[in-house]
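Thanks for coming, everyone. I would like to walk through one model this morning, going region by region, and I will give each cut-off at the point where the term comes up.

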Amino acid sequence: MAHLTARQGFAELTNRLNRFPQGAPPSEYLYKILSVLMSEKEASLIALLPIKPFTSKKAAGIWKISEVKAVRILESLADRVLLLDMTIKGEKHYVLPPPMAGFFEFSMMRTRGDIDQKLLSELFYQYITVEEDFIKALFVNGETQLGRTFVNEDTIPRDSDLFVYDYEKASKVIETAEHMGVSMCYCRHKMQHLGKNCDAPMDICMTFGTVADSLIRHGFARRVDANEGLELLAEAYENNLVQFGENVQHEVSFICNCCGCCCEAMIAARKFGLMNPVHTSNFMPEIVHNDCTGCGKCVEVCPVEAMSLVSANNPVKPRYKKADIDEDRCLGCGVCVRVCPAQCINMEPRKKRVITPVNSVHKAVMMSIERGGLEHLIFDNRALFSHRAMAAIMGSVLKLPPVKKVLAAEQIKSRYLGRLIEKKSGL
């Protein structure tokens with residue numbers, strides 16, 4: 001938007017946020033969102049923080065204040081989940097999460113009296129749903145996306161020869177997580193303030209690992225064990241919700257149980273379906289057309305409008321309909337299989353498997369390369385990466401396909417790193 005009226009602190013923070021692979025395009029609505037969540041002074045301080053986890057001592061040095069004062073500020077920010085805190089090798093560290101999946105969602109994951117959540121909901125709706133620049137930057141730019149779809153495990157017959165990897169199962173994420181928290185659904189909570197929410201369960205969205213542990217300690221999530229987590233997953237299945245989680249194989253940090261009407265990821269999938277804004281599962285519904293009665297239940301339940309009714313081309317019954325699927329839009333979630341009364345929809349493997357990044361570093365590198373921001377990830381002058389962090393990033397780069405390595409080399413303004421990529425790539 002032209003003629004932005006942001007104050008300096010919020011502009012600085014916006015620039016900082018845009019060093020993430022998924023950024024936050026400048027907008028008057030973004031600055032208003034930030035002003036609800038924090039003061040301009042806090043925004044200026046957050047804008048100076050590094051990308052990687054940091055200690056209070058590091059923050060004090062960056063801010064040029066005493067460590068005691070830095071701790072007070074950091075704890076205040078962590079209490080409002082503008083920062084996440086964690087223990088690394090016995091020492092407390094903090095990290096700034098991205099806007100999404102991150103502090104945007106965290107702000108609405110419980111009912112709060114310290115901020116105006118109705119106003120915040122209206123601002124989120126305008127910035128994310130109406131303006132579209134943010135949602136395009138988040139879900140459309142690049143091939144590697146923030147999130148992926150988990151197949152509904154109940155739709156895969158147990159006696160089937162279909163093979164499902166553990167990382168494709170939401171149940172395995174739940175069973176193996178060191179920490180698991182459950183919170184209010186950000187999307188439905190936001191829509192509730194706008195009078196647009198559906199009646200799907202609200203307290204059902206899941207976080208895992210260090211993210212969950214921080215949210216739990218600061219009262220933004222409720223700790224649950226694996227048994228309750230599996231019960232909540234079953235409840236999500238019963239309500240035909242789609243499991244949309246972090247697009248990594250290991251150490252998944254979140255799984256949202258999404259409806260088609262409120263979820264921003266599902267809305268993006270409908271708007272920009274041909275651009276694949278959400279990674280699909282490795283399965284695709286297959287319709288046995290001879291058995292289809294044309295009831296339309298699969299059409300009603302599909303969250304991304306991939307199912308439709310078309311003419312059955314029956315000369316005896318010219319108005320007879322049958323279900324049809326748009327494979328380019330389909331998420332492979334399997335909710336259509338659950339509701340089909342004729343049991344004429346089966347899940348089958350996709351012809352070409354969808355590649356899931358191994359971990360968050362791999363995902364961040366891929367997203368940064370595709371969005372033209374790898375130099376921010378490697379050379380953030382406030383991060384001062386250790387050799388270990390640099391090795392992790394370069395290790396991910398060097399495992400990329402040749403074309404991706406060439407793109408990475410073009411983005412990195414360093415003869416040494418460019419030559420290293422060329423040498424390891426055999427180019």
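Let me begin with Glu67, which touches Ser56, Lys57 and Ala60 when residues up to four places away in sequence are not counted, where contact means heavy atoms within 4.5 Å. Glu67 and Ser56 are 11 residues apart along the chain, and their C-alpha atoms are separated by 6.3 Å. Glu67 itself is found in helix H5; helices here are DSSP runs of H or I with at least four residues, strands are DSSP runs of E with at least two, and both are numbered from the N terminus. Its relative accessibility is 38%, so Glu67 counts as partly exposed, given that buried means under 20% relative accessible area, exposed means over 50%, and partly exposed lies in between, with a 1.4 Å probe and protein chains only.

Before going on, a word on the source: this is a predicted model, in which local features need pLDDT of at least 70 and side-chain atom pairs count only at pLDDT 80 or more, while totals for chains, interfaces and linings use all residues. Residues are numbered from 1 along each chain as its sequence is written, and side-chain values use heavy atoms, with hydrogens and water left out.

Most residues other than glycine have a negative phi, and most peptide bonds are trans. Lys64, which is not a glycine, has a positive phi near 60°, and its place is in the loop between helix H4 (56-63) and helix H5 (67-79). Val81 is also not a glycine and has a positive phi of about 50°; Val81 is found in the loop between H5 and strand E1 (84-88). Which of these is buried and which is exposed? Lys64 counts as exposed because its relative accessibility is 73%, whereas Val81, at 1%, counts as buried. There is also a cis peptide bond, joining Met100 and Ala101, with omega at about -5°, and Ala101 has its place in helix H6 (residues 99-106).

Axes are lines fitted to C-alpha atoms, for helices over the stretch in contact, and angles run from 0 to 180 degrees between N-to-C directions. On the H1 side, Phe10, Ala11, Leu13 and Thr14 meet Leu30, Tyr31, Leu34 and Ser35 of H2. In this contact of H1 with H2, six residues are nonpolar, two are polar and none is charged, where Ala, Val, Leu, Ile, Met, Phe, Trp, Tyr, Cys and Pro count as nonpolar, Asp, Glu, Lys and Arg as charged, and the others, Gly among them, as polar.

Now the sheet. Six strands form an open sheet in the order E3-E7-E8-E5-E4-E6, with antiparallel pairing, and two strands pair if DSSP finds at least two bridges between them. Its edge strands are E3 (147-150) and E6 (222-223), each of which pairs on one side only. Strand E4 (residues 180-184) pairs with E6 in the antiparallel sense over two bridges, and Val182 stands opposite Arg222 in E6. Helix H11 (residues 209-217) lies across E4, E5 (203-208) and E6, running at about 120° to E5. Helix H12 (residues 226-238) also packs on the sheet, touching E4, E5, E6, E7 (242-246) and E8 (254-258), and its direction makes about 130° with that of E5.

A separate pairing involves strand E9 (residues 283-287) and strand E12 (residues 345-349), which run antiparallel over five bridges, with Pro285 opposite Met347 in E12. E9 is mostly covered, four of its five residues being buried.

Finally, the cysteines. How many disulfides are there? The count is zero, a disulfide being a pair of cysteine sulfur atoms within 2.5 Å. For Cys262, the closest cysteine sulfur is that of Cys261, at 3.8 Å, which is too far for a bond. For Cys344, the closest is that of Cys340, at 3.6 Å, again too far for a bond. Cys262 counts as buried at 0% relative accessibility, and Cys344 counts as buried at 3%.
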